[in-house]
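Open the model in your viewer and keep the sequence panel beside it. The stops below say what to select next and what is there.

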Amino acid sequence: MSRCKTVSFFYALIPLRPWRDLLIRRHIEGCPHCQAGLASRGESRSLFVQEGTVSSGRTLWTGIESGLADEAGEPIKTISRQAPSALRRRRWAVAAALLLVLATGYWLLKDYQPEAVSVASAAPARFELEYVRVDGQPANAVIYQPQGSDMIIIWAGKNR
Amino acid sequence: MDEQELIAGCLQGRAEYFRMIVERYSAPAMALAMNILGNHNDAEDACQELFIQVFRNLKSYDMNKSFKNWLYTILYRRCLDHLRRRRRSAELVKKMGQETVPATPANPGSSERPRRLPSDLLESLKARERIALCLWANEGFSAREISEVLRCSAGTARVYLFQARKKIKKLLEQGHVSLQNG
């Protein structure tokens with residue numbers, strides 16, 4: 001009973017079909033308690049239309065005959081037996097190509113150092129300090145930044 | 001007459017053999033289509049498409065495999081097409097804010113037909129679960145045979161069937177309880 005609950009918990013927890021199939025095969029199919037929670041064949045059959053109660057009648061054959069005779073109409077879509085596996089192969093190919101691109105990208109970029117490092121090392125050479133001058137004399141300068149704003153105001157007045 | 005003989009006769013171009021195939025399989029095919037589509041006219045349309053496709057593609061049928069499974073696979077696809085058309089029509093109606101369903105050129109009038117599954121309980125199942133349950137209950141198919149029809153793995157078919165049976169049982173029990181209370 002506790003095992004059934006555990007199986008039920010893990011069934012709900014991991015919604016992967018192979019995993020669920022494993023649980024069904026390993027436990028549920030052979031467990032009378034779990035089987036009691038499933039509709040029986042008889043119960044299920046009672047919900048469906050049975051072939052004995054369906055009348056296809058002449059109209060079906062008439063429709064088929066006229067459909068086959070109507071060669072001028074649009075051809076009926078044929079089923080392709082190879083389609084599912086071809087689609088699967090294409091998906092695998094796309095996945096493999098993506099993986100290859102990601103691996104190549106990683107390999108190319110793993111040793112890449114961003115330019116910020118070289119800028120930082122070159123910064124002292126580029127940095128320059130100058131006096132703010134008014135009439136050739138160092139000015140009385142005030143730097144002001146309003147709160148919560150990126151704007152910076154520099155006020156320079158004549159030094160008296 | 002043997003199934004293989006009928007198919008061989010059809011491949012030789014003998015129309016009466018094809019008619020015999022239609023007569024033999026029309027009732028189970030109609031029942032299956034009705035159980036998926038829930039509407040006699042839509043089911044008949046799907047069966048017509050099925051047999052026309054069978055006639056045109058009989059050469060590609062692998063004689064080593066079950067003919068009935070092959071037939072059901074095509075029918076299942078045709079039924080899914082009908083369900084898709086229906087869904088598109090419903091979406092269109094929803095967009096337009098109308099109450100009546102417009103007829104699509106590909107299938108005029110079909111959307112206006114009342115849709116009613118054999119049992120309300122089946123409404124709670126997805127199309128794949130419904131067909132898996134139907135094949136298991138009506139035809140006695142195993143998970144492997146269901147997987148051949150649904151074109152999926154046997155494991156996936158087993159999961160569909162399990163979920164369908166579980167949902168139906170739960171609904172049956174709820175119905176039973178509510179009847180007892182009522």
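**Confidence first**

Select residues 105-112 of chain B next, where the pLDDT is below 50 and the model has 14 contacts beyond near neighbours in sequence. Two residues are in contact if their C-beta atoms, placed from the backbone, lie within 7 Å. Chain A averages a pLDDT of 79, with 78% of the residues at 70 or above. In chain A the stretch to select is residues 75-82, where pLDDT stays under 50 and the model has 10 contacts beyond four places in sequence. Where pLDDT is low, the predicted coordinates should not be read in detail. The model scores ipTM 0.74 and pTM 0.63.

This is a predicted model, and local features need pLDDT of at least 70, side-chain atom pairs count only at pLDDT 80 or more, and totals for chains, interfaces and linings use all residues. Residues are numbered from 1 along each chain as its sequence is written, while chains are lettered from A and ligands numbered from 1 in the order in which they are written.

**The two chains**

Switch to a cartoon view. Helices (H or I, at least four residues) and strands (E, at least two) are DSSP runs, numbered from the N terminus. Chain B has seven helices and zero strands. Chain A has seven helices and four strands, in the order α-α-α-α-α-α-α-β-β-β-β from the N terminus.

Now colour by burial. A residue is buried if 20 or more other C-beta atoms lie within 10 Å of its own, exposed if 12 or fewer, and partly exposed in between, with C-beta atoms placed from the backbone. In chain B, buried residues make up 40% of the 182 residues. In chain A, 9% of the 160 residues count as buried. For contacts in chain B with a separation of 6 or more, residues 24 or more positions apart account for 56%. In chain A, among contacts between residues at least 6 apart in sequence, 16% join residues at least 24 apart.

**The nonpolar core**

Select B:Ala33, B:Leu75, B:Ala132 and B:Leu161, which touch the most other members of the largest nonpolar core, a set of 59 residues. Such a core is a set of buried Ala, Val, Leu, Ile, Met, Phe, Trp, Tyr and Cys residues joined through C-beta atoms within 7 Å. Two or more residues each come from α5 of chain A and from α2 (15-37), α3 (40-57), α4 (67-96), α5 (127-138), α6 and α7 (154-181) of chain B. The most come from α2(B), with 12 residues.

Centre on B:Leu161. Leaving out residues up to four places away in sequence, B:Leu161 touches B:Ala132, B:Leu133, B:Trp136, B:Ala143 and B:Ile146.

**Helix α6 of chain B**

Select residues 143-150 of chain B, helix α6, whose buried residues are B:Ala143, B:Ile146, B:Ser147 and B:Val149. Look down the axis of α6(B): these buried residues fall within an arc of 160°, so they line one face of the helix. The arc is that of the directions from the helix axis to the C-beta atoms. Just after α6(B), B:Arg151 has a positive phi of about 55°.

**Where the chains meet**

Show both chains again: 32 residues of chain A are in contact with 41 residues of chain B. On chain A, α2 (17-26), α4 (41-45) and α5 (57-69) each supply at least two residues of the side that touches chain B. The most come from α5(A), with seven residues.

Then select A:Glu51, in the loop between α4 and α5 of chain A. Beyond its neighbours within four places in sequence, A:Glu51 is in contact with B:Ala27, B:Pro28 and B:Ala31. A:Glu51 is partly exposed, with 18 other C-beta atoms within 10 Å.

**A strand pair in chain A**

Finish with strands β3 (residues 140-144) and β4 of chain A, which pair in the antiparallel sense over five bridges. Two strands pair if DSSP finds at least two bridges between them. The bridge partner of A:Asn140 in β4(A) is A:Gly157. Is β4(A) mostly buried or in the open? Of the five residues of β4(A) (residues 153-157), the number buried is zero, so the strand lies largely in the open.

Technical notes
pLDDT is the predictor's confidence in each residue, from 0 to 100.
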